[in-house]
Structures are given as structure tokens and as C-alpha cells.
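Subject: Handover of a structure, with findings

Dear colleague,

Please find the sequence and the structure below. My notes on them follow directly after.

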Amino acid sequence: MADADVPTQKDVVPSAEARLVPPAPTLEPALPGGTVPVGIPGRTAFERSRTIVVYLLLFGIALLYFVPFLWMISTSLKTLPETAYFSLLPKHPTLHAYREALSTFHFARYAANSVGLAATVTCLNVFLCSLAGYAFARLRFPGREVLFILVLLTLMIPDQLRLVPIFVMFTNWHLLGHYHGYVLIKLASAAQLFLMRQYFLTIPRDLEEAAKLDGAGYFKTFWKVMLPLVGPAIAAIAILEFEGTWNDFFWPLIIFNTAPDHYTLPVGIFSFVSEYQTLWPQLMASSVIAIAPMALIYVFFQRYFVAGMASAGVKG
Amino acid sequence: MSATAAAREDRPGRGFGSERVREALVGYLFIAAPMVLYGILFFYPIGYALYISRYDWGVLGKIDTVGFGNYRELLHDHRFGIAVKNGLKFTLAFTICSMALGLFVAVVVNNAIRFRGFFRSAYYFPSIASSAAITAVALFILSADGLFNQITGFDRAWFGESGTALWALVGLNSWTTSGMVMLFYLAYLQSIPTDVYEAAAIDGAGAWRTFWKITFPLLRPGHFFVSTLLVIGGLKMFDQAFIASGGSGGPNNSTLVPVLYLYRVAFYDVRFGYAASVGIALMLIIFGLTLLQRLTFGRTDAN
């Protein structure tokens with residue numbers, strides 16, 4: 001009774017299956033208007049005005065959420081004097097700000113760093129997390145449960161506590177200002193391991209046993225039989241990891257602080273803001289460069305973002 | 001690593017005794033890399049933080065043993081007090097604003113008969129955009145001659161005045177986080193059985209009443225889950241405050257939030273020992289608040 005209402009992550013995320021497939025929109029709206037039985041007088045008129053109000057609200061909210069982004073894009077296409085005029089459409093759209101951001105202010109370099117780091121971290125983590133997730137879900141070894149609890153415990157340790165010790169350790173190990181120092185920090189991601197384990201638990205055992213009867217070893221079973229079955233989970237953790245690394249500001253700031261040629265896009269934006277705050281078109285162009293790739297990925301793979309968000313929630 | 005694992009498995013059993021021993025060894029091998037990393041990058045640093053916090057520690061390492069001196073200093077540190085106060089103020093306002101906005105949007109989206117998936121995705125978009133880029137856009141829009149003032153008729157630099165800077169951060173973060181809050185609330189809204197609404201409709205309850213008397217109380221597990229996430233997230237807020245204030249926590253310490261203070265002690269004052277004790281104090285505050293929240297909500301839930 002007492003624990004019935006205490007939500008755990010399971011309440012929100014009932015199973016790996018449900019997490020990876022966002023709830024299908026139900027046709028019947030689960031609200032009072034939609035469930036009033038047909039035949040009550042005045043229903044249609046009431047329904048119609050209600051629908052209009054709902055859609056007006058929906059577009060109003062959409063405006064609230066998108067105007068800042070539209071303003072960012074519009075400003076990035078203007079020249080500095082033109083930013084004084086408040087028109088959404090630039091009078092003489094120009095890519096000048098982008099050219100300057102990319103070359104004069106080094107954002108081409110920062111973008112390359114961001115792409116390289118995010119891709120490296122994502123590939124390595126997908127491999128390590130799926131391998132370990134498989135082991136935790138399927139293989140039996142002494143201490144498995146205890147070790148898995150340790151994995152979950154890492155989710156509760158805030159980065160702020162790790163900041164000083166890791167900085168001192170990395171200073172001693174000469175990892176500051178190096179790409180591999182940053183990759184090392186990002187390689188320990190328990191949320192993704194957890195997600196993979198949960199997903200492997202939902203795969204029926206029959207296939208594995210068939211593979212074993214055929215004489216396939218453990219790694220071969222994992223690689224050839226199991227991995228192809230967990231495609232959606234792989235996609236979800238890959239996108240989550242890529243997004244997390246691409247948008248990460250805290251660790252690149254600390255690791256690359258003294259190495260400006262290693263800056264990623266977010267750190268580049270910070271250093272630009274502190275030096276030339278009012279060069280708005282260039283700043284907005286660099287913001288577009290930082291946001292657009294994520295936006296593109298989001299448009300194509302948005303259902304995996306929803307899946308990833310659930311575990312980002314776990315991360316806290 | 002993978003290659004050796006594969007090679008080993010191709011030789012059935014030899015040298016490893018029974019199948020069970022083999023399975024255990026393969027299991028350890030598969031989890032070895034992440035476990036070692038967790039050890040080095042999570043568990044060891046906790047102990048190391050405790051160790052460092054007992055020293056006066058500079059760029060080149062230990063300077064002096066101070067025992068609990070760092071923690072004693074923390075109790076009387078005026079700026080740490082300001083940082084904690086700012087952090088709590090921000091967290092409270094941010095939690096309430098993003099829950100209200102997220103819930104409102106979720107209820108509206110839940111009503112949409114068509115394009116519900118589209119609106120859901122569209123509103124979630126600010127949550128996936130880079131915090132640094134979003135903060136840059138906010139700096140622009142909320143600047144003295146920015147779009148916001150142009151529309152609303154105000155005339156102030158929202159991030160430039162100590163009276164408004166923290167509230168500008170509240171607005172910015174609530175806006176970006178509300179999409180995530182909306183997604184969680186949508187999941188909870190869809191778990192409410194429709195027959196309660198039918199009963200309310202038969203009783204003639206209007207939409208407003210239905211929301212406050214039925215939907216809102218039934219969402220209690222959702223409120224708890226979301227508020228826990230937001231409180232922890234709010235206390236850890238760093239990126240936006242750091243970028244908006246150029247790393248200073250200004251104007252006049254008004255955006256000096258706890259993590260920003262920690263960063264400044266470590267990298268501007270170069271006092272790693274003291275910074276480590278700030279980090280430990282912060283973690284205790286976060287755990288304490290989470291526990292408090294769990295106890296109070298947990299108790300009312302049990303009734």
C-alpha cells in the first residue's frame with residue numbers, strides 16, 4: 001500500500017519495449033468532451049468551439065516555442081546594422097555571418113571537433129554498453145547483481161562532485177587538453193548500459209539457444225544473433241549518446257580549457273560570447289551551426305529521442 | 001578485447017573446466033571495460049574528493065594539511081551562502097514554472113484530435129538544442145534592444161541587472177525544460193482511465209472543474225516524479241548561468257549558483273581542496289532535498 005504510489009522509473013517506463021516505442025496516439029481523446037455520449041443536445045456546437053480553442057492554443061504555444069529559433073535564423077542572415085530593424089525576413093539575406101563565423105572565428109574547427117568527438121564517443125559506447133548490457137542480461141557469473149547495483153549507483157554521483165578529483169587526476173596523467181581525455185570521461189555511461197540490459201531481457205531465449213546448439217561461441221552469439229535483434233535499442237542509445245556529447249558544455253570546458261583548438265561548438269560559443277558579445281549575426285550563425293545538425297537528426301529519428309529521454313530522466 | 005573473446009570461445013571448453021566457469025569468465029570479460037571505467041571515474045574520485053578536501057591544495061598539489069578546516073570555512077563562507085540561496089531560489093521558481101508550463105501544454109496537446117504527434121515533437125524540440133546555443137539566443141532576445149523588449153515594451157537588459165538576471169535564467173530554463181515535462185505528463189495523462197471523465201461529464205462538471213478535481217489529483221505520481229527530476233536538475237544548473245554571466249556569476253553575484261561557485265573556487269581561486277569540500281557539501285544538499293521530498297510526498301501518498 002505504502003509503496004503503491006511511489007513512482008520509480010518503472011512507473012514512467014513500464015518496460016524496455018514501451019520505452020522504445022512512444023505511445024501511439026489514441027484516436028479517442030481521453031478528456032471529457034470526447035466521451036460525452038452522442039445525443040446530448042448542443043454537443044456538436046460545444047465540440048466545435050472546443051476544437052477551435054484547442055487548435056488556437058496549440059498554434060499559440062508553437063509560436064512561443066519557435067519564434068526564438070526563427071529569430072535566430074533570421075538574424076544569422078542579416079548584417080549587423082540590419083539587426084536594428086525588427087523584421088523577421090531579412091531585407092538582403094546574406095551568408096556573410098556564416099562565412100565569418102566559420103573562418104574568422106574558427107567555428108569550422110569547432111564543428112569538426114564536435115563531430116569527431118561525438119562520433120567517437122557514440123561508436124565506442126554503443127559497442128561497450130551493448131556488450132556489457134548483454135552480459136548483465138544473459139550470462140551468469142558470481143556477483144552479477146552486486147556489480148549491476150554498482151552500475152546504477154554511478155547514476156547518483158553528480159558530476160560536480162567528480163569535477164575536482166577528476167581534474168587533479170587528469171592533470172597528473174597529462175590528459176587535460178587532449179581529445180582522448182574527454183573521450184575517456186564520456187566512456188562511462190551507465191544509463192545506456194542500463195537501457196541495453198533492459199532491452200536484452202525482453203528478447204526470447206530460444207534464438208540464443210539455437211545458436212549455441214549450432215556451436216557458436218558467446219561473442220559470436222552476441223554479435224551475429226543478439227545484436228541484430230536489438231536495433232531499436234541501439235538506435236536509441238546511439239542518438240542519446242550523440243546528443244549528450246554534441247550538446248555537452250561542462251566537461252569540454254574543463255578538459256579543453258587551455259587548448260582553444262580543441263574547443264567543441266558549445267565551448268566555442270561561450271568564448272565568442274565573452275569576447276564579442278554584440279556581433280549578433282555571427283553569434284546567431286554559430287548557434288545555428290550548433291543546433292541545426294541536432295534538429296536534422298531529430299526530424300528523422302524523433303521517436304528514438306523520446307525513448308532516450310526516458311533514460312535521460314533516469315540520469316537526472 | 002573482442003577478438004580474444006571470440007578466439008577463446010571457438011575452442012570448446014579446453015582449459016576452462018565446465019561450461020559454467022567459461023560462461024562466468026566471458027561475462028566478466030564483457031563487462032570488464034565499463035566496470036574498470038566506473039571504478040576509475042566514479043568510485044575512486046569520491047574517495048579522492050574526500051582526501052583532497054582535507055588539504056589546502058593548489059595547482060601543484062598539496063600545500064598544507066587543514067583537516068576539517070575547509071568544511072569549517074564553508075560554514076562561514078558568505079559567498080557560498082549567496083550561492084546556495086540563489087540555487088534554492090532558482091530551483092523553486094524553475095520547478096514551479098516548468099511544471100506549470102509543461103502540464104498546461106500536455107493537457108492542450110492531449111486534446112488535439114489531429115497532429116498530436118506533430119505538436120508533441122515540435123514542443124519537445126527546445127529540449128534537444130544545445131544549452132550554449134540556446135543561451136546565446138536568449139542573450140540576444142533579452143538584450144536591452146532585443147526582440148523581447150520590442151514586443152513587450154520593456155526597456156531593460158534582463159541579464160545585465162542584478163534584479164532580473166536570475167529570473168531571466170528561470171524563464172530560459174523553464175522554457176527549454178517544459179518540453180520534457182510535457183512528455184512525462186502526457187504519459188501520465190494517458191494512464192488515467194476514461195470512465196472517471198465520463199462520470200464527471202454525467203455530473204455536469206465543466207472542463208476547468210474536471211481538471212482541478214480529477215486530472216490534477218490523479219496526476220500525483222507524475223507531479224512527484226517530475227518535481228524530483230526538476231529539483232535535482234535545478235540545483236545542478238550551470239551552463240546557462242555560466243554563459244550568460246561570462247563565468248562571473250554576476251551582475252553582483254545574482255546568478256552565482258552553487259555549481260558556478262564551485263567552478264570559480266576551483267579554477268579562478270585555484271583552491272582545489274576547498275572546491276572539493278564545496279562539491280561534497282553540494283552533493284549532500286542534493287541528496288538531502290531528494291530525501292526530504294521523498295519522505296513528504298511518500299507519506300501523503302500512503303494515506
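Chain B is divided into domain 1 (2-52) and domain 2 (73-302). The centres of these two domains of chain B, taken over C-alpha atoms, lie 40 Å apart.

Before going further, some conventions. This is a predicted model, in which local features need pLDDT of at least 70 and side-chain atom pairs count only at pLDDT 80 or more, whereas totals for chains, interfaces and linings use all residues. Residues are numbered from 1 along each chain as its sequence is written, while chains are lettered from A and ligands numbered from 1 in the order in which they are written.

Confidence

The model scores ipTM 0.87 and pTM 0.85. For single residues I quote pLDDT, the predictor's confidence in each residue, from 0 to 100. Chain B has a mean pLDDT of 87, with 92% of its residues at 70 or more. Residues 1-16 of chain B have a pLDDT below 50, and this stretch has 19 contacts in the model beyond near neighbours in sequence; two residues are in contact if their C-beta atoms, placed from the backbone, lie within 7 Å.

Chain A averages a pLDDT of 82, and 83% of its residues score at least 70. Over residues 1-39 of chain A the pLDDT is below 50, and the model has 68 contacts for this stretch beyond near neighbours in sequence. The pLDDT also stays under 50 over residues 312-316 of chain A, which have 12 contacts beyond four places in sequence. Where pLDDT is low, the predicted coordinates should not be read in detail.

Chain B

Chain B comes to 14 helices and 2 strands; these are DSSP runs numbered from the N terminus, with helices (H or I) of at least four residues and strands (E) of at least two. Its radius of gyration is 25 Å, well over the 19 Å that the globule rule gives for 303 residues, so chain B is more spread out than a compact globule. That radius is taken over C-alpha atoms, and the rule is 2.2 Å times the number of residues to the power 0.38. Along the principal axes, the C-alpha atoms of chain B fill a box of roughly 75 × 60 × 40 Å.

Of the 303 residues of chain B, 46% count as buried. Burial is counted from C-beta atoms placed from the backbone: a residue is buried if 20 or more others lie within 10 Å of its own, exposed if 12 or fewer, and partly exposed in between. Helix H6 (residues 131-141) of chain B has 11 of its 11 residues buried, so this helix is largely enclosed by the rest of the structure. Among its buried residues are Ser131(B), Thr135(B), Phe140(B) and Ile141(B).

Strand E2 (residues 61-65) of chain B is hardly covered, the count of buried residues among its 5 residues being 0. Strand E1 (residues 55-58) of chain B runs antiparallel to E2(B) and is joined to it by 4 bridges, where two strands pair if DSSP finds at least two bridges between them. E1(B) and E2(B) form a hairpin with 2 residues between them. Trp57(B) has Lys62(B) as its bridge partner in E2(B), and Gly58(B) has Gly61(B). Tyr55(B) and Trp57(B) make up the covered face of E1(B), with Asp56(B) and Gly58(B) on the uncovered one.

Chain A

Chain A has 16 helices and 0 strands, and buried residues make up 42% of its 316 residues. Its domain assignment gives domain 1 (28-93) and domain 2 (100-315), with 34 Å between their C-alpha centres. The contact between them takes 8 residues from domain 1 of chain A and 7 residues from domain 2 of chain A.

Pro81(A) is found in the loop between helix H4 (43-76) and helix H5 (96-103) of chain A. Pro81(A) counts as exposed because it has 8 C-beta neighbours inside 10 Å.

The interface

Between the chains, 85 residues of chain A are in contact with 92 residues of chain B. Helix H16 (residues 280-315) of chain A supplies the largest share of chain A's side, 13 residues. By class, that side has 67 nonpolar, 12 polar and 6 charged residues. Here Ala, Val, Leu, Ile, Met, Phe, Trp, Tyr, Cys and Pro count as nonpolar, Asp, Glu, Lys and Arg as charged, and the others, Gly among them, as polar.

With kind regards

Technical notes
Domain bounds come from an automatic or database domain assignment.
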